[in-house]
Protein chains: 2
Amino acid sequence: MRRTSFSDMSCSIARCLEQVGDGWTLLIVREAFFGTRRFGEFQSHLGIAPNVLTARLQGLVQDGILQAMAESENGRVLGYRLTDKGRDLFPIVIALMQWGDRHAPAPEGPPVQVVDRQEGRPIATLQVQAADGRVLQARDVQVRPS
Amino acid sequence: MRRTSFSDMSCSIARCLEQVGDGWTLLIVREAFFGTRRFGEFQSHLGIAPNVLTARLQGLVQDGILQAMAESENGRVLGYRLTDKGRDLFPIVIALMQWGDRHAPAPEGPPVQVVDRQEGRPIATLQVQAADGRVLQARDVQVRPS
């Protein structure tokens, strides 16, 4: 059965999932945040089949989330890096990681820790905030047609 | 081809996507945050096939993200609401929505606005922060084995 295309739905969450909702896609983006650039590195870090990786990388380039780094002489793709649009996925990747650490932990505990480069301390837990900085729970917000 | 199960991977993002990575699943969670409770409401708001919705709701209950609200006399399921684990998906839903609003906008603009109930103002853009509250970009963090 063909899945309804989420881009037909006028919700931004649906439109975001359309581009990054597939599991592999967000794991490729995670790798890119961790500094992975080359095809072979993505492949060995993720244990993903080459044909699937090729398709997902092409989709990410097409959606403007990754850009291919081409060698000037023969145009061969050297690797992939995040665009500005891709880098804006940072809070999503962190939010997913923190939720997973808390609610779906690996038996041996969180495999990695994200630390603030300047202070060397773990980053804060991501929280939804009001314009004035108050922390908001779901019950503290209202959804309005805009 | 069967997709590698993400729960075999020791990354918290993969373990999170295993439970909520499927597009429909996060859209059902979004609906639950917006106050949807009953099967028929989920169905009409999302335009999802009943058999798919049934399967996704069962998965969400099994994963402890939704809980079924049963009528006391005959045990019939009245609706579904978020558990604490489900409510902790709030930053993820907001992060996805804000990214979608910015980078994959609907032609007619963002369909809804999330406002702080107390002040009636739009909530802040979600940002990754250090323990002391400094805003962090991806380049400001380091990933360490923990």
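These legends go with close-up views of a predicted two-chain model.

Some housekeeping: this being a prediction, local features need pLDDT of at least 70 and side-chain atom pairs count only at pLDDT 80 or more, while totals for chains, interfaces and linings use all residues. Residues are numbered from 1 along each chain as its sequence is written, and chains are lettered from A in the order in which they are written.

**View 1. How chain A and chain B are related.**

**View 2. The side of chain A that touches chain B.** Here 70 residues of chain A meet 70 residues of chain B. Elements supplying at least two residues each from chain A include α1 (12-20), α5 (84-87) and β3 (112-116); helices and strands are DSSP runs, H or I of at least four residues and E of at least two, numbered from the N terminus. The largest share, 13 residues, comes from α6(A).

**View 3. A strand pair across the two chains.** β3(A) runs antiparallel to β4 (residues 141-145) of chain B, and the two pair over five bridges (pairing takes at least two DSSP bridges). One spot to look for: Val115(A) has Gln142(B) as its bridge partner.

**View 4. Helix α1 of chain B, mostly covered.** Eight of the nine residues of α1(B), residues 12-20, are buried, meaning 20 or more other C-beta atoms, placed from the backbone, lie within 10 Å of a residue's own. Among them are Ile13(B), Cys16(B) and Leu17(B). The buried residues of α1(B) pack against α2 (23-33) and α6 (90-103) of chain A, plus α2 (23-33) of chain B. In the segment before this helix sits Cys11(B), which counts as buried because it has 23 C-beta neighbours inside 10 Å.

**View 5. Around Val93(A) in the core.** The largest nonpolar core has 73 residues, and Val93(A) is one of those that touch the most other members, as are Ile13(B) and Leu96(A). (Such a core is a set of buried Ala, Val, Leu, Ile, Met, Phe, Trp, Tyr and Cys residues joined through C-beta atoms within 7 Å.) Leaving out residues up to four places away in sequence, Val93(A) touches Val29(A), Arg30(A), Phe33(A) and Ile13(B).

Methods. Buried ≥ 20, exposed ≤ 12 C-beta atoms within 10 Å, placed from the backbone. Contact = placed C-beta atoms within 7 Å.
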